[in-house]
Amino acid sequence: MAAHLKKRVYEEFTKVVQQQHEDLSTKKLRLTKPSKSAALHVDLCKATSPADALQYLLQFARKPVEVESVEGVVRILLEHYYKENDASVRLKIASLLGLLSKTAGFSPDCIMDDAINTLQNEKSHQVLAQLLDTLLVIGTKLPDNPSVRMRLVEVACKHLTDSSHGVRNKCLQLIGCLGPVEKGVAKEAESQAAKDVQKIIGDHFNDQDPRVRTAAIKAMLQLHERGLKLQQAIYSQACKLLADDYEQVRSAAVQLIWVLSQLYPESIVPIPSSNEEIRLVDDAFGKICHMVSDGSWVVRVQAAKLLGSMQQVSSHFLEQTLDKKLMSDLRRKRTAHERAKELYSSGEFSSGRKWGDDAPKEEIDTGAVNLIESGACGAFVHGLEDEMYEVRIAAVEALCMLAQSSPSFAEKCLDFLVDMFNDEIEEVRLQSIHTMRKISNNITLREDQLDTVLAVLEDSSRDIREALHELLCCTNVSTKEGIHLALVELLKNLTKYPTDRESIWKCLKFLGSRHPTLVLPLVPELLSTHPFFDTPEPDMDDPAYIAVLVLIFNAAKSCPTMPALFSDHTFRHYAYLRDSLSHLVPPLRLPGRKLVSSAVSPSITPHEDPSQQFLHQSLERVYSFQHLDPRGIQELLEFTIRDLQRLGELQSELAGMADFTATYLQCQLLLIKALQEKLWNVAAPLYLKQNALASAAAKQILEETYKMEFMYSGVESRQVVIIHHMRLQAKALQLIVTARTTRGVEPLFGMCEKFLQEVDSFQRCFISELPHMQGSFVDKLLDLMPRLVTSKPSEVVKILQATLRQSTFLHLPLPEQLHRATANIIEPTGESDNPLRFTSGLVVALDVDATLEHVQDPQGTVKVQVLYPDGQAQLIHPKPADFRNPGPGRHRLITQVYLSHTAWTEPCQIEVRLLLAYNSNRSKASTRVPKSTWSESLEALPPPENGIEGTIPFSKPVKVYIMPKPARR
Amino acid sequence: RRFPDFSYITQNGRLTDFLDCVIISHFHLDHCGALPYFSEMVGYDGPIYMTHPTKAICPILLEDYRKITVDKKGETNFFTSQMIKDCMKKVVAVHLHQTVQVDEELEIKAYYAGHVLGAAMFQIKVGCESVVYTGDYNMTPDRHLGAAWLDKCRPDLLITESTYATTIRDSKRCRERDFLKKVHETVERGGKVLIPVFALGRAQELCILLETFWERMNLKAPIYFSTGLTEKANHYYKLFITWTNQKIRKTFVQRNMFEFKHIKAFDRAFADNPGPMVVFATPGMLHAGQSLQIFRKWAGNEKNMVIMPGYCVQGTVGHKILSGQRKLEMEGRQILEVKMQVEYMSFSAHADAKGIMQLIRQAEPRNVLLVHGEAKKMEFLKQKIEQEFHVSCFMPANGETTTILTNPCIPVDISLGLLKRETAIGAAPDAKRPRLMHGTLLMKDNSFRLVSPEQALKELGLAEHQLRFTCRVHIQDPRKEHETVLRVYNHLKGVLKDYSVQHLPDGSITVESILIQATAHSEDQGTKVLLVSWTYQDEELGSYLTSLLKKGLPQGTP
């Protein structure tokens, strides 16, 4: 009996093994790491209930699967899939299949057949939908296999008749993503079920379920995105969908209509209920405009956004969008805008004090009034008055885009934009100010409009005021009263918010240079000169007076008759301001004076080519005279550096480039100086001095290379290599110096090791660039690498020393654009003599306001440093929200820094400065180096403390006078 | 007559028996002023529905109303404070979009209406027939309230107010800007601004407007609000944040906009303070009370300004100054010279013609009924509505009855077996299209059921009768009978591809269950008579077949 049992067990066992073998052979299972799939298999077999199995699957899904074992896992999952009765487990398996086929490097065509087969017998709708999703993933993973795609599309078409919306949804999604796009493919597959995907999708525009309708439209849009030209016939279908009951359908339909209007702008469509015909883009425009007053705000936002990009629309349709006929008791009324315009043109200022100056005028023919326009009428009027600010912002944006392309529309929409300056939500106000700025080339402000615009100058929000200043910089004003009004309001602003000083001056500078002829008649009044009497000389430090002068001097630049109106002190003030605020005051040709500006004039005249040439020539010179004697090279370098620095000062566009190269040359110069043979051969007692020089040079080179790498925007990988190379040289120098100064070999071992590691990592990172570095330090070093690795530190040092001296100087290729990151602290000004008093132990908030230029990712890199007199330094990370972005490449930091200290006996100055934090790890990641290699080499580098490796100061420090008082008891 | 004549509703008999419920759309007195009279004096004990803010604010206004009429004017036969309290006990508060089942059949649902805090539109629904009553509503958002909104509820009837049936208004922003500019200029000049308002509604809008403007522009001049009624009401405005507009809802986490920073309570003594100030004072038409007192104090200075934000009834001081009178005769033969500036600014919270049309477009009603407006203006709007939406529009006068035809749907229960059987036949289900079904409608104790004929027979205990239609069709065919039959058979086979057409050995043809036999005509051998016979279940196919045969056989076929 026992023997029999044993036999049976044995038999069974062998049987099982055999089956597995069969499996292996028939399905050609590639031998995989058995652990993963086998473990899963065992788990699933162990599972007694569906809940257990689900749990196992969930656990399994948490861990990633290696590429090699994906197929095996899929097989096992499929096996269980067929066995499983519980729908939820099957669902999970189906979703796992999708996840697995997403694995990078795995080609899912081998499992496609199985996945399709599973569809056949599936009853549960949810599982079906999930399986289709998996197929979608598989299909997207195989982008260049049309036959597979066709097959999948066919499968999807078959399931389009399913009764569950989820399944139909997925089918449509699949067809949208995988359906054939090229005509040829479609024809070839004519015999099969999938003929015309557009037709199939179009049929589901009338599905009973709104979700399916949405999916159908989305699929259509997907096809469009993939490059299929949609048929025009869809247009009428899509128009019907605009009246759908469900917002997501309407929202998608609006998009579809927009797409079609861009595809067939010029085709002609009939207007229903009349014999007329119009262009399709106009019709679509009208329809989308209609949707701006839809019941759902999601649709309204969508519609308003899309309106902006319909630039082919005819102008009279466009202008209708701003149209709204007012009436009161059936009599025509003029809008406030029309009244304002009329008052203006009749030369009368708006009294606004008459009751009933808006009294209705003529009777209206009742038949002629159209209360609900099917067309574009008043779309923007509605959009701008919407209750949701999202819609209003979208409408403003659309207005902006349309106005940019149509000057006449810009003129018309001005009134509405000006109205938006009074919106209750700041974002909307800001957006409309920006919009206005963007279209300001096309418009001239009327006085009443200017009045409204200027009223906003009193806004307490700094952003709004500054946006408005920017707007005024590029506005055209029509009259001298307008200029006067603007000046008065700006001065009012200045007294109310003195911190706006800079921005206001800048604004007046542009206002003056744009309207010299309008400023001219105002000059006597502005300078309060009198034909007979001398007037008192105004205070030169008064910001308001400076503001007036900025306006006048800038106007005088292109108006030579103006200086004749100046009084004596004005000329004196001019000279002073020209020096102190040279960026605001232009050079003037003053009568009886030599042109003050002649020395500086190159900075204004843009001779781009000569200076660029000069830059290149001087570089060339340096590179070509490599074999000069060391003295000569040194001198040449020194001259070139000086030249470049001067060039940078003169040519603001080339400043970045010039500084960058100058820094590089400086590094080279330092290196050469440090390596001078004379120094190295001196007697031992003189080592000390020489060592100090060399180690200082090495340190400085390191610093400079970090600056070069992180302070300039536009540095490409070609430059990064050179910089890293320079750094490597500096490190080598450091090693040599240390070797000469330290006694004993022990510490040297570690240093050599570290250095060699660095060389190694350099090679790994910049392997592609190495061919360009013939004869360089690293090139030679790599040749000697096998020897270096085995030799003693002292030998290494010797080799290094020799190589350093022999290596050639690498060319620094210049990128197209290079800008140096700069920061300027506007506030605190550092001029105050009144100490900031606060009780010790408590904190005081210091407002810091700075402009940053050419800083990439300021939120992550810019830090504020506070240095106390006791040497204590504090690093402050400003909040990301403290950075504003007023223009490309420019940032503004407005933040508060909290200071605190123990009590002092006297007030003393602290230093505030901005730092640029860098992290070589981060920058390297951005130069597309595989991270994994770097995480290893990272250990060799100084440990980064919370992502910051080091900091570079990049602004002038500002001194703040503070006084922590002892707390009173 | 002070109150509506409720006897119109029931000629005689109790109101409670006659009415299922009373709905109050919002707290304005022209919409709820007679409520205590109606419920306590006339006698109504049924439920009263209103929204939460209305329920909170309504008693304050009613009490104020009572105080003025009884205590000031000394009228009698008016409701008492206790009556207001008792009346409010009958009130059931509803939330927005909450469906309240009043009784088994009637259900009501509130929609947001703008206009004033807590104003609502109500959908009243019985079965699948529904009416939407709008009350007063506003389609343009203002500084404290959003816009009215209806979903596509497709009511059978939409009853809408039509106060501004013939007006299309300018953008609200222009008006607001004008208002703010005027106030700002006056305050900058050092003048005082008086704004006579009614305590609730517009007053809050203007307060928010000025408050935010002061905040934005960093202004320092004080703003005062005359105390009393407003303070209480303002408290409720703070509470019902969800009923306000997007801006207030979004920012109330930082600060409730109704917690005014710049607006303080007014004291009588403040009116004589030097320097600029803005004062909101009641009542709105300058006919009595605090606003008139302040007006008299300030009227003499041309630096000051009075802004009338609303309509003024003829004969009030407000109307006089608006129409340009500069010398006013006050009581006691005093002559008051008005030197201050007088401004008019309309802040109305009713939908204009465009707004009304927009609401109709949103709701897609089958009929529209206009109320709350002037007949002449309504006529215009009615014409427009009929023209644009192609729905019938009514504007009944007081006491007039309008009858509206509706197409009520009647729900019928269908047995699952029948449904499955019927859907299995024919093409795949296409849900958006109506579909023909065969079954028996059983109407039994107030319920409708659709069952299969067999089951109906069984349930009713009836025997089944067969009904057969027979029809003779004459065909000219000189051939023999069986040849004719063959021709007919081939013809039918060709035409009816989806049906089973059989040629039976006894010389007859069956198409499904329809029998066709051919005999020669007794007199004329050239004419064959086709006998077509079908049961009434196959009526459709049978009649099609006869019409097909009547057309004759195609010539060429053998």
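Residues are numbered from 1 along each chain as its sequence is written, and chains are lettered from A in the order in which they are written. Because the model is predicted, local features need pLDDT of at least 70 and side-chain atom pairs count only at pLDDT 80 or more, whereas totals for chains, interfaces and linings use all residues; side-chain values use heavy atoms, with hydrogens and water left out.

**The two chains**

The table sets out the make-up of each chain. Helices (H or I, at least four residues) and strands (E, at least two) are DSSP runs, numbered from the N terminus. Buried means under 20% relative accessible area, exposed over 50%, and partly exposed in between, with a 1.4 Å probe and protein chains only. Contact means heavy atoms within 4.5 Å.

| Property | Chain A | Chain B |
|---|---|---|
| Secondary structure | 42 helices, 16 strands | 17 helices, 26 strands |
| Buried residues | 51% of 969 residues | 48% of 558 residues |

Chain A is divided into domain 1 (40–181 + 189–259), domain 2 (260–325 + 372–441), domain 3 (444–588), domain 4 (608–804) and domain 5 (820–921 + 947–963). These bounds come from an automatic or database domain assignment. The centres of domain 3 and domain 4 of chain A, taken over C-alpha atoms, are 52 Å apart.

The C-alpha trace of chain B spans about 120 × 50 × 45 Å along its principal axes. Its radius of gyration is 37 Å, while a compact globule of 558 residues would have a value near 24 Å. That radius is taken over C-alpha atoms, and the globule rule is 2.2 Å times the number of residues to the power 0.38.

**The annotated span of chain B**

An unreviewed UniProt entry lists residues 4–191 of chain B as "domain: Metallo-beta-lactamase". UniProt positions are given in the numbering used here, feature names are shortened, and annotations may be inferred rather than shown by experiment. This span is 35% helix and 20% strand, and its end C-alpha atoms lie 46 Å apart.

Arg66(B) belongs to helix 4 (residues 52–72) of chain B and is buried, with a relative accessible area of 12%. Beyond its neighbours within four places in sequence, Arg66(B) has contacts that include Asp71(B), Phe78(B) and Phe79(B).

Gly135(B) sits in the loop between strand 7 (129–133) and strand 8 (157–161) of chain B. Gly135(B) counts as buried at 3% relative accessibility. Val371(B) is 236 residues from Gly135(B) in sequence, yet their C-alpha atoms are 9.3 Å apart.

Five strands of chain B form an open sheet in the order 22-26-25-24-23, with antiparallel pairing. Two strands pair if DSSP finds at least two bridges between them. Strand 22 (468–476) and strand 23 (501–503) of chain B are the edge strands, each pairing on one side only. Strand 25 (residues 514–520) and strand 26 (residues 527–535) of chain B share 6 bridges in the antiparallel sense, and Thr519(B) has Val529(B) of strand 26 as its bridge partner.

Helix 16 (residues 481–495) of chain B lies across strand 23, strand 24 (509–511), strand 25 and strand 26, at about 160° to strand 23. Helix 17 (residues 539–550) of chain B also packs on the sheet, touching strand 22, strand 24, strand 25 and strand 26, and its direction makes about 170° with that of strand 26. Axes are lines fitted to C-alpha atoms, for helices over the stretch in contact, and angles run from 0 to 180 degrees between N-to-C directions.
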